[in-house]
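These are my notebook entries on one structure, kept in the order in which I looked things up. The sequence and the model come before the entries.

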Amino acid sequence: MPRQADVSGVREMNFEQMRTVNTEFDAVPFAQGLKGDDWNPATLDMMGILNGANCNSYATAKLQALYKLGWPITALRLMLCNHPSQAARPNGNHLVLLADLDGETYVLCNTLAEPTLMERVPYQWVKVQVAGTPNWEFA
């Protein structure tokens with residue numbers, strides 16, 4: 001399990017912000033043809049229409065959105081996992097966002113309806129970003 005961040009002094013963070021960010025970005029259509037290495041956040045195009053996304057762009061966009069809402073970067077980490085629907089594929093990796101709130105770690109994933117406690121998610125955890133750094137460690 002990844003280490004949780006100490007966010008005791010941060011008041012802006014709440015579950016409703018996580019839910020809203022998760023819902024807004026999950027409304028972006030999944031782009032079937034995007035390469036797995038596209039880590040560009042899901043964004044609005046010039047017409048104000050959300051562009052297509054894959055799991056990498058969903059996770060990075062959610063991280064950026066929560067950070068802009070005042071969440072400390074140490075409370076937000078990317079995590080690489082094996083998603084049950086991708087288990088039969090070689091390199092069936094899937095990227096999600098972990099968010100620490102009130103002593104719990106939540107998973108924000110484009111395949112989950114809302115932020116879900118990490119222990120309730122049936123994924124196989126592979127690697128996790130070290131909080132507040134660009135470094136990764138095995139889960």
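I began with the aromatic rings, and my search of the whole structure turned up two aromatic pairs, where rings of Phe, Tyr and Trp (its six-membered ring) pair if their centres lie within 6.5 Å, planes under 30 degrees apart counting as stacked, over 60 as edge-to-face and the rest as tilted. I note that this is a predicted model, in which local features need pLDDT of at least 70 and side-chain atom pairs count only at pLDDT 80 or more, while totals for chains, interfaces and linings use all residues. Residues are numbered from 1 along each chain as its sequence is written, and side-chain values use heavy atoms, with hydrogens and water left out.

I then looked up a charge over a ring (NZ of Lys or CZ of Arg within 6 Å of the ring centre and within 35 degrees of the ring normal), and found the charged end of K127 over the ring of F138, 4.7 Å from its centre.

Next I traced the strands, taking helices (H or I, at least four residues) and strands (E, at least two) as DSSP runs numbered from the N terminus, and counting two strands as paired if DSSP finds at least two bridges between them. I read an open sheet of six strands in the order β4-β3-β2-β1-β5-β6, with antiparallel pairing; its edge strands, β4 (116–117) and β6 (136–138), each pair on one side only. Strand β1 (residues 76–82) is joined to the antiparallel strand β5 (residues 124–129) by four bridges, and M79 stands opposite V128 in β5.

I turned to the nonpolar cores, each a set of buried Ala, Val, Leu, Ile, Met, Phe, Trp, Tyr and Cys residues joined through side-chain atoms within 4.5 Å, with buried meaning under 20% relative accessible area, exposed over 50% and partly exposed in between (1.4 Å probe, protein chains only). In the largest core, of 21 residues, M18, L66, W71, L76, L97 and L108 touch the most other members. Two or more residues each come from α1, α2, β1, β2 and β3, and α2 gives the largest share, six residues. A second, separate core of 11 residues includes M79, V96, L98 and V107.

My last entry concerns E24, which is found in helix α1. Why is E24 classed as partly exposed? E24 counts as partly exposed because its relative accessibility is 47%. I also noted that the C-alpha atoms of E24 and K62, 38 residues apart along the chain, are separated by 9.1 Å.
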